[in-house]
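This note sets out comments for a colleague who has the model open. Please read each point beside the coordinates.

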Amino acid sequence: MRISMVIAEAISGLGAVKTAFDMAKALENIHETVARDRAIIDLQKEILAAQAAQFALLERVGKLEKEVTRLEAWDADKQRYQLAELAPGIFAYSLKEGMANGEPQHHLCTACYDADFKSFLKRETWNPGRCAMIVCHGCGWFAYEHGSADPAHKGLRPTPYRE
Ligand SMILES: [Zn+2]
């Protein structure tokens, strides 16, 4: 979808260049000064439009290149984890044995992992009830490892920072 947007932009950018080129060619046949000046101004506008289109395109390509780099790195990192059950019915991606690279054991949120974001799960204690919680501050997911929900916990729920 993003790629097709880039192509559409490229084509519209090329369209602006083509218009400018056609206008430059037409200038040869304009001999009257006023008309010629007006045509030059129009041509300059087209050239600026073409430059703006090209600039927007380069910006878009730069963003996509960054995203590809991030996803490539994440793809390699992803292989270090496997699905594990932290508590009955509570799943996470946990470091595989021998893949720690010196890092302590940690767990990643499955929803964030599947959406290509690396988000560490955090253990928290929610009161009242001294509930043992597993929380993702990336997407706002949480689970009760021990203890039961209390209306007062509403204010403790994580605010997701990831869209
Ligand atoms: Zn998450």
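1. Basis of the comments. The model is predicted, so local features need pLDDT of at least 70 and side-chain atom pairs count only at pLDDT 80 or more, whereas totals for chains, interfaces and linings use all residues. Residues are numbered from 1 along each chain as its sequence is written, and side-chain values use heavy atoms, with hydrogens and water left out.

2. Overall form. Taken along the principal axes, the C-alpha atoms fill a box of roughly 90 × 40 × 25 Å. Of the 163 residues, 26% count as buried; buried means under 20% relative accessible area, exposed over 50%, and partly exposed in between, with a 1.4 Å probe and protein chains only.

3. Secondary structure. The chain holds 3 helices and 6 strands, and their pattern along the sequence is α-α-β-β-β-α-β-β-β. Helices (H or I, at least four residues) and strands (E, at least two) are DSSP runs numbered from the N terminus.

4. Zinc site. Which residues supply the protein donors of the zinc ion? They are Cys109, Cys112, Cys136 and Cys139, each through SG, at 2.2 to 2.3 Å from the ion. Donors are N, O and S atoms within 2.8 Å of the metal (3.2 Å for Na, K and Ca); water is not among the atoms, so sites may look incomplete. The arrangement is tetrahedral because the 4 donor atoms subtend angles of 107 to 113° around the zinc ion. Four donors count as tetrahedral if all angles lie between 85 and 135 degrees. For four tetrahedral donors, the ideal angle at a metal is 109.5 degrees.

5. Zinc site in the sequence. The donor residues are spaced C-x2-C-x23-C-x2-C. Cys109 lies in the loop between strand S3 (107-108) and helix H3 (110-114), and Cys136 lies in strand S5 (residues 131-136), so this pair ties together parts that are 27 residues apart in sequence. Cys109 is buried at 2% relative accessible area, and Cys136 is buried at 0%.

6. Sheet. An open sheet of 3 strands runs in the order S4-S5-S6 with antiparallel pairing. Strand S4 (121-126) and strand S6 (142-146) stand at the edges with a single partner strand each, so one side of each is left without a neighbour in the sheet. From one strand to the next, the twist averages 30°; axes are lines fitted to C-alpha atoms, for helices over the stretch in contact, and angles run from 0 to 180 degrees between N-to-C directions. S4 and S5 pair over 6 bridges, two strands being paired if DSSP finds at least two bridges between them.

7. Glu124. This residue stands opposite Met133 in S5 and forms a salt bridge with Lys122, the closest N and O atoms being 3.2 Å apart. A salt bridge is a side-chain nitrogen of Lys or Arg within 4 Å of a carboxyl oxygen of Asp or Glu. Glu124 counts as buried at 15% relative accessibility, whereas Lys122 is partly exposed at 44%.

8. Other salt bridges. The structure holds 7 salt bridges. Asp77 and Arg80 form one of them, with closest N and O atoms 2.6 Å apart, and both residues are buried. Arg70 and Glu67 form another, at 3.3 Å; being 3 residues apart in helix H2 (residues 33-78), they are separated by about one helical turn. Arg70 is partly exposed at 31%, and Glu67 is partly exposed at 26%.

9. Backbone points to inspect. A cis peptide bond joins Asn127 and Pro128, with omega about 0°. Pro128 is found in the loop between S4 and S5, and Arg130 lies in the loop between S4 and S5. Arg130 has a positive phi of about 45° although it is not a glycine, and it counts as exposed at 71% relative accessibility. Asn101, in the loop between strand S2 (90-95) and S3, has a positive phi near 50° and is exposed at 64%.

Technical notes
Tetrahedral: all angles 85-135°; square planar, octahedral: opposite > 155°, others 65-115°.
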